[in-house]
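Please walk me through this structure. I would like to follow its aromatic rings and one of its helix contacts.

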Amino acid sequence: MPNKIGFLAIFALVISSQIGSGIFMLPISLAPYGTYSLISWAVSGLGAILLALVFALLCAKFPETGGPHVYVKHAFGPTAAFFVGWTYWASSWVSSTAVIVASIGYLAPLFHNNIQNTRLFLEIALTLAIMLTNLRGITTVGHVELLLMIVKITVLFAVPIAALLLFDRNNFVVSEEISNLTISQAFARSTLLTLWCFIGLEIVTASAGSVENPSKTIPRAIVFGTVFVAIIYFINSLAIMGLINGNHLANSKAPYADVIKIILPGNWYLIISIVAFIVSVSSLNAWFLADGQVALGLAKDKLMPQFFAKRNKYGAPFCGIIINTLGILALLVLISSKNFAKQVTSIIDVSVVSFLFVYLTCCLAFLKVIIQEKNYYKFLIGGVAVLFCCWIIYETPINTLLIASLFPLSGTPTYLLWYRKPTK
């Protein structure tokens, strides 16, 4: 049995699960929204903090291994828990695909931006490398992420502070396509993009059984970590979009590297490309870990086929990790021919909406669980979080909603063929 980890390691995992490729690549997708994007960061940050509070309170009440499906199981029963767990698991590896695409994109400067012909090969190679790493087990993950968090924080404060010295508000340009939307639509769609960066704030709840005093440690780490992440994201987005004109930023392959080219002469931008790649990979590693653990937790609760509960000699849930990898590889091949920016944005949109379905269900579960307490503070938190999720979903294009709905629907065959109610 591995030693239990404490607050600092959990805090690092909360930050690593949220700060990844998004901080480096999202300025590309946000560039057409101009000043809308800054307000969206504030809105999504507040929404993420509300969701963090919901998960913190749920984890304090149910400090069990498994994550979102545990809370839904207590509120709505095992059937709802299955579909929430399945949606969460499937959405996780789709999100991992976006991180892989963005990670390889950051290597473009090392190949003189001539990476298109080898992009798919590099993406597959990275996926297999992360798979092999996760198959070695999770004993040292907390300590590794703590070290990586220090590296992330150092870089992600130093670069934007330097960029802000050259800030120009005229670089914020709203594209013609976005200007044709209503204000609510523009804010909702840009908030959908910025919210992607906070997806994963609840990841540590899946490992509650391996945490010291989880009912206190995890809630504190989730809330403080999410607030810290919101500050970092806002400062970095403000600095990058204030330094590079929006029209140029929208066509960038590596905006952080472009920032360094402006700030520092020479080949310093190549170092940032490598740092960005490492940061993205650390986030990817955390997501692969979560994918395997979520499937393992569902199998333990007999909400998924039992082969997902099988472990190798290192204690890793190898079936879940391998199936997760195969799904990512298939998706990488399917999207390989799309424009790079559209490729990342389309994946972000669909996966965020899928997670929103999960978050909304967990918020409703929270309201049902605490309604007997007559605690108006908690009820207000849950109610506003529900409204936030509903607003983003309502303003999302119907085609994105339809694609996202395929995640829970895809679990129907497994539910009908394999599902067994957990024994008491």
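This is a predicted model: local features need pLDDT of at least 70, side-chain atom pairs count only at pLDDT 80 or more; totals for chains, interfaces and linings use all residues.

Residues are numbered from 1 along each chain as its sequence is written, and side-chain values use heavy atoms, with hydrogens and water left out.

Start with the rings. The structure holds 20 aromatic pairs (rings of Phe, Tyr and Trp, the last by its six-membered ring, with centres within 6.5 Å; planes under 30 degrees apart are stacked, over 60 edge-to-face, the rest tilted). Phe82 and Tyr415 have ring centres 5.4 Å apart and planes at 45°, so this pair is tilted. Phe82 sits in helix 5 (residues 78-105) and Tyr415 in helix 19 (residues 412-418), so the pair ties together parts 333 residues apart in sequence. Helices here are DSSP runs (H or I, at least four residues), numbered from the N terminus.

Phe82 is buried, at 1% relative accessible area (buried means under 20%, exposed over 50%, partly exposed in between, with a 1.4 Å probe and protein chains only).

Next, a charge. Arg220 lies over the face of Phe7, 4.7 Å from the ring centre (NZ of Lys or CZ of Arg must be within 6 Å of the centre and within 35 degrees of the ring normal).

Last, the helix pair. Helix 3 (residues 36-61) packs against helix 9 (residues 183-195) at an angle of about 60°, with axes 8 Å apart (axes are lines fitted to C-alpha atoms over the stretch in contact; angles run from 0 to 180 degrees between N-to-C directions). The two helices, helix 3 and helix 9, are therefore oblique to each other (under 35 degrees is roughly parallel, over 145 roughly antiparallel, 65 to 115 roughly perpendicular, the rest oblique).
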